[in-house]
Amino acid sequence: MNLTTTYMGMTLKNPIVSSASPLSKKLDNIRKLEDTGAAAVVMESLFEEEINRESRQLDSFLSLGEGAEALSYFPDLETFNVGPDEYLKSISVAKKAVNIPIIGSLNGVSTGGWTDYAQKIQQAGADALELNIYYLPTDPNMTSTIVEQMYLDVVRDVKKSITIPVAVKVSPFFSALANMAHRLTAAGANGLVIFNRFYQPDFDLEKLEVVPNLMLSTSFEMRLPLRWVAILYGRVPVDFAITRGVHTYEDVLKGVMAGAKVTMMTSELLQNGIGRVGEILADLTKWMEQHEYDSIEQMQGSMSQKNVAEPAAFERANYMKVLKSWG
Amino acid sequence: MTRNKVTIDGNEAAAYVAHKTNEVIAIYPITPSSPMGEFSDEWTAKGKKNIWGTVPNVVEMQSEGGAAGAVHGSLQSGSLTTTFTASQGLLLMIPNMYKIAGELTSTVFHIAARSLAAQGLSIFGDHSDVMAARSAGWAMLFGNSVQEIMDMALIAQTSTLESRLPFLNVFDGFRSSHEVQKIEELSDDDIRAMIDDDLVHAHRLRGLTPDRPFIRGTAQNPDVYFQARETVNQFYDAVPGIVQGAMDKFAGLVGRQYHLFDYVGAPDAERVIVLMGSSAETTEETVNYLLAQGEKIGLVKVRLYRPFSGEHFVAALPKTAKTIAVLDRTKEPGATGEPLYQDVITAVAEAMSGGKMAAFPRIIGGRYGLSSKEFTPAMVKGVFDEMSKSEPKNHFTVGINDDVTHTSIEYDATFNIEPKEVTRAVFWGLGADGTVGANKNSIKIIGEETDFYAQGYFVYDSKKSGARTVSHLRFGPKPIQSIYLIEKANFVAVHHFNFLEKYDTLGLADVGATLLLNSPFSTEEVWDNIPRAVQEQIITKKMKLYVIDAYTVAKEANMGVRINTIMQTCFFYLSGVLPPDEAIAKIKYTINKTYGKRGESIVKMNYAAVDAAIEHMHEIKVPAKATSTIELPPVVSPEAPDFIQKVTAKIMAGGGDLLPVSAMPIDGTYPSGTTKWEKRNISLDVPVWEQDLCIQCGKCMLVCPHAVIRAKVCNESEFANAPATFKFVDARWKELKGQKYTIQVAVEDCTGCTLCVEVCPAKDKSQVGRKALNMAPQLPILEQERINWEFFLKLPEVPRYDGAGLKFNNVKDVQLLEPLFEFSGACSGCGETPYVKLMSQLFGDRMMIANATGCSSIYSGNLPTTPWTFNAQGRGPSWSNSLFEDNAEFGMGMRMAVDKQAEYARELVERLRGVIGDELANGLLKADQSNESNIAQQRQRVVELKAKLAGLTDLPSRDLLNLADALVKKSVWILGGDGWAYDIGYGGLDHVLASGRNVNVLVLDTEVYSNTGGQASKATGLGAIAKFAAGGKPTPKKDLGMLMMSYGYIYVAQIAMGANDGQTIKAFIEAEAYNGPSIIIAYSHCIAHGIEMERGLDQQELAVTSGYWPLYRYNPMLKAEGKNPLQLDSKEAKTPLKDYFYSENRYKMLTRSNPEAAAKFLKQSEEIIQERWKMYQLLAKREA
């Protein structure tokens, strides 16, 4: 069975990619991912803000003191390795350890930071870069035009500064998502990763505090990206990746049929182990055999909006139909 | 040969040679020598090699005594070995020093000479310590400047190998150890050329080895000890020649020629001063100045003080000398004179009797500079002037006003000789704003990037929060010998506007000086906001005034309150030492060098601040007249007691140097409760109480480190005359129904730590961000809250007894107890002082405290004001600090004394039953003093007893009157940090607790030597980075509690207020109630953990929930009830250990510097914690 797909110019042996997650922190996991069949690995994101925060903390603690007896409180070490070095090293080490493509992931805060770190990730050997752009526009005076322009500027700046392919992990919260996908592509994005899954805070009712709460995804969550990839496929000339709620071989099939070049998973692997990639691939192959498919490429986009019998099913009618079916 | 020019301090200069020329280094922290150990540990951690290409082995010991023992062992085993110390630390080394010298062992100890604790402790510099060690038989070399410290370190090392005598390389603590100067660094080749490897081999071959066995360290008897002791004479005789030989060889290599005694001055001088140490530089500068005026004077600088070569001394002295003044930087009460004076007298007398001198000069001795007291050219001239008198004073003092025994000599304090070509800049900063760090960088820039010589010295105050720093920077074309504080500055920077009101910041400004002021006011407003007296100084001194709103610039550059690089840039711009562009480039270069390791964003942030500085700086045209309506406030309230007005206030205002001898208490006794008079106003924000939300839980009162937030409950009538803004609500106690509750904040004493707000559990149901306590700006409420605080203090306290119904065994009740420890100088958000304050609330009116040296002794006892106070009845904790190492024994002595006094008093009561009456006698003797009410009753009986005894003249009655108070229970508390309890004082602690005596020990466990800057102790956790453990502490924390539980009869509790405040209170009450020894080990979060201090309580909770710090109480009294004495008060770990560890910089740092080691230590720690928890569980489950 030919499971091969291409993603941003890279030929991948199958459409299953491990998405940006703490899994990629350990080299051993990356090896296991390759062994079990994953076609590529997106590294955990490098957060410029986190690097800056850590630097600031270190700076403030190392600067404490200035008393007669305590001139300082910590020894002056040779190196503190704050900054991106550890992350960059993990990319180059992973590149040496495995044959599958390694995709860097970056969340910047400053213009200089985006381009600078993007270059460093390229130099470290990454095969491609995923831009993990998220910005919560909480200021009522900030218009969508400004927000959208910020996204486009980042993509344009990064593209200018590096040569490896660049994917943009986008959020679903754009008023005109299709237009945004189109403009991101025009700005140079080689791939769109649909969608960024934000951690939503929770409330602790006893302490009356807002608390972080990490919830893993379920297959149900794939509906939103599935729909949008299906809509955008063929309309925006860019490679799509689906990265939300991919848990089973059926999810992979659906994603590919909607038009994704790859499907990315994390929650399933965190919950049930890295070995799930192999199981899903086996199930996928079996299903394709049973249904007499020759290749993945054959089904790519087969159920996109433009290829289905009822394109309107992806639009408002779809909503109506669901409501009726409850009744 | 060109050598590196480096800009370093004396400690680094000494440590540099020590690390290059040794194989084993044993270290222990003590101010001001600690940085030498820190440098050595860091260099070894970084793999820096000595001149033989191997990395020295550095080991931290448990005390200076331990370090000396380890050094002795290593030396005896043939390794080149050294250590560093000062003050009491050197005293602890003396026993070993006798052995090391007696065994003719080559070594150099580097000493940052410091005062010894007598009537009070002092961390500052003089020669008391080395003078106390002089009989041990060590050679002593003095380095007078940073350059000389490095040079003498090498000359000492060369000489010790050749002479076989051990050497002390001595320099002045702080003045030299902490002074930064541009010097020439000795190269490895220089050092190699000075060290004879054959002598190194010979040293090694003299070491103990089973391959060539011999015995050393025998016990000798009357028949041979004496002769054997005399065998060493020839070695002492040879030392002067050997040292001079080394000095000559050094001169040949390096070009700087030293002599055992260096003479400076007129060849035909009639008046000659003899001294040693940093003051020799000042004296030389003054002599040269006076020589130019035609004076016939001179100076003998003593370099090799021991063995004292009278022959060389006399040879160095000009034959024309008629009067010699020998100045000692030490005091030897009762002696015929101070040590150097005696040596000079003897040398001259011997020369006279040997016919080597024609006439006996007049020799006078004087003391100067104790505890880093300034020694200035004016004083030098004063000494020369005194020598000109027909009857000069002998055994004089200079630099103080001794109006009691009139030892002091007069001098003209306005005499100033600072060379014109030297730029002198003074910077007033805060510890937290990085002023000192930036100034050190400025010195480096000037020293290393220009041809100028540069000097920096830094003066710190005694507070740990809101501490003030004054930096003194000099630079000029010639080497700087002015080893004293700047007296006439041509540049003054005031980094905080409110300093203008608090200190005489411009007192040091010269005429025409430039003033750089960090001002929050606009250029139009600034002049009117400067106090009138300061305006007058600016006008009179014709100063130029520049202002910058550095806080705004810093804020815009994301730098918080760190205004250092901004002010530094302005300084360079105004000083003109370098062209502006070049200066900015150099500043940026140094920023990159200093902060580069901390991350690119930090460098960029600082660059941005530098770039913004100049454009925000403005010159203010100084008006011709002072127009300000702002008058300087009085230092203390006019209501303060006489002593506070006359003495304390002077010290607070920076005028302590001018206090005469008669003003000082004669025996180190000072009044309690003086911090209340020092209104520091250091916090911009303070907590404000929202009475409608408050649930009156008392947690804020418990955690406040400075006792600034207080509660009272009184009848409503008490509030009749309350100020308009005074708040009170119904008390929420069933026992106090109908009464009113109030919380009041001492806003002038608050340090703004926010712990109270963090801990407050009461939230507004409609706006959860609003709590019952919220921080708000201090200034707008200052006046009203000052009045409210005064009113609050006058409200009655809730009685501790008489059936108010309160139990005072829980947080809610305890908040109402008056703290007798308040407004200390501890760090903002300190993790120790909440425990200390709680202790004072619970037992303060009957407490005796023995306090080990460390943070707690500094915030408890450092002048000018001290926090231990007293209640309305005049009762409060008695407090004393003996030493670092002996605190448990010191406390035990207190227990023994009060027990004996009580015993004798009881015997007297029995004997005087007839006078006293049976009822009162029985009452006194049979009193159960286990609770507050009973103690109060006993106090009442004592009052009656005293009334009956008053006027009686027989000895037993007078004795009993004298001892009557001993009949009331006393609670002895032994207090100290982990450095004391786990390390230096452990032997004594163990013995005292094992004694079974009724003492209570409180260990404030910060897991490092916090006071000296965070060196590792045996309490430091596995893998934590600390000074002396730069690679991460390689061994786990000692389980002190478990060790003490093994006795079975010691009450042991491990507590963490932030995790369980109720258990904390229980532990204190049980420990005190137990009629036997008790120890409480209290987790104390600390600035040295690398945490945001407002998160301190959360860190405590994490320590407990991660299983790192289990809470328990081991109460031997439960055994009698047939119960298991061990109760676990916390649950099995539920938080991953890494969540606790990596939320603290001390652990986090290692994940960055050495991730593999960090991972290994984390795993080991998890295993250890689990294993220990299982063991505790097992013990707690045992059948009783």
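This is a predicted model: local features need pLDDT of at least 70, side-chain atom pairs count only at pLDDT 80 or more; totals for chains, interfaces and linings use all residues.

Let me begin with the core. The largest nonpolar core has 403 residues. Those with the most contacts inside it are L192, V229 and A241 of chain A, together with I1080 of chain B. Which helix gives the most to this core? That is helix α6 of chain B, residues 146-163, with 8 residues.

Next, the contact between the chains. How many residues does each chain put in? Chain A gives 31 residues and chain B gives 38. On the side of chain A that touches chain B, 15 residues are nonpolar, 10 are polar and 6 are charged.

Now two helix pairs, both in chain A. Take helix α8, residues 249-258, and helix α10, residues 276-290: in chain A these pack at an angle of about 60°, and their axes are 8 Å apart. The crossing of α8(A) and α10(A) is right-handed. From α8(A) we have Y249(A), V252(A) and L253(A), which meet I280(A), D283(A), L284(A) and W287(A) of α10(A). Sorted by class, the contact of α8(A) with α10(A) has 6 nonpolar residues, no polar ones and 1 charged.

The other pair is helix α1, residues 27-36, with helix α3, residues 85-97, again in chain A. Here the angle is about 35° and the axes are 10 Å apart. Which hand does the crossing of α1(A) and α3(A) have? That crossing is right-handed. L27(A), I30(A) and R31(A) of α1(A) make the contact with V93(A), A94(A) and A97(A) of α3(A). By class, the contact of α1(A) with α3(A) has 5 nonpolar, no polar and 1 charged residues.

On to the sheets, both in chain B. One is an open sheet of 3 strands in the order β24-β26-β25, with antiparallel pairing. Its edge strands are β24 (709-714) and β25 (729-730) of chain B, each of which pairs on one side only. β24(B) and strand β26 of chain B, residues 740-745, pair in the antiparallel sense over 6 bridges. I709(B) stands opposite V745(B) in β26(B). Helix α26 of chain B, residues 782-794, lies across β24 and β26 and runs at about 130° to β26(B).

The other is an open sheet of 6 strands with mixed pairing, and the order is β9-β11-β10-β13-β14-β15 in chain B. What is the average twist from one strand to the next? The twist averages 25°. At the β15 end, strand β14 of chain B, residues 362-368, pairs with β15(B) in the parallel sense over 3 bridges. There, G366(B) stands opposite F396(B) in β15(B).

Two helices of chain B go with this sheet. Helix α11, residues 279-291, lies across β9, β10, β11 and β14 of chain B, running at about 160° to β11(B). Helix α13, residues 339-353, lies across β10, β11, β13 and β14 of chain B, at about 145° to β13(B).

That is what I have for today.

Technical notes:
Residues are numbered from 1 along each chain as its sequence is written. Chains are lettered from A and ligands numbered from 1 in the order in which they are written. A nonpolar core is a set of buried Ala, Val, Leu, Ile, Met, Phe, Trp, Tyr and Cys residues joined through C-beta atoms within 7 Å. A residue is buried if 20 or more other C-beta atoms lie within 10 Å of its own, exposed if 12 or fewer, and partly exposed in between; C-beta atoms are placed from the backbone. Helices (H or I, at least four residues) and strands (E, at least two) are DSSP runs, numbered from the N terminus. Two residues are in contact if their C-beta atoms, placed from the backbone, lie within 7 Å. Ala, Val, Leu, Ile, Met, Phe, Trp, Tyr, Cys and Pro count as nonpolar, Asp, Glu, Lys and Arg as charged, and the others, Gly among them, as polar. Axes are lines fitted to C-alpha atoms, for helices over the stretch in contact, and angles run from 0 to 180 degrees between N-to-C directions. A crossing is left-handed if the near helix is turned anticlockwise from the far one by less than a right angle, and right-handed if clockwise. Two strands pair if DSSP finds at least two bridges between them.
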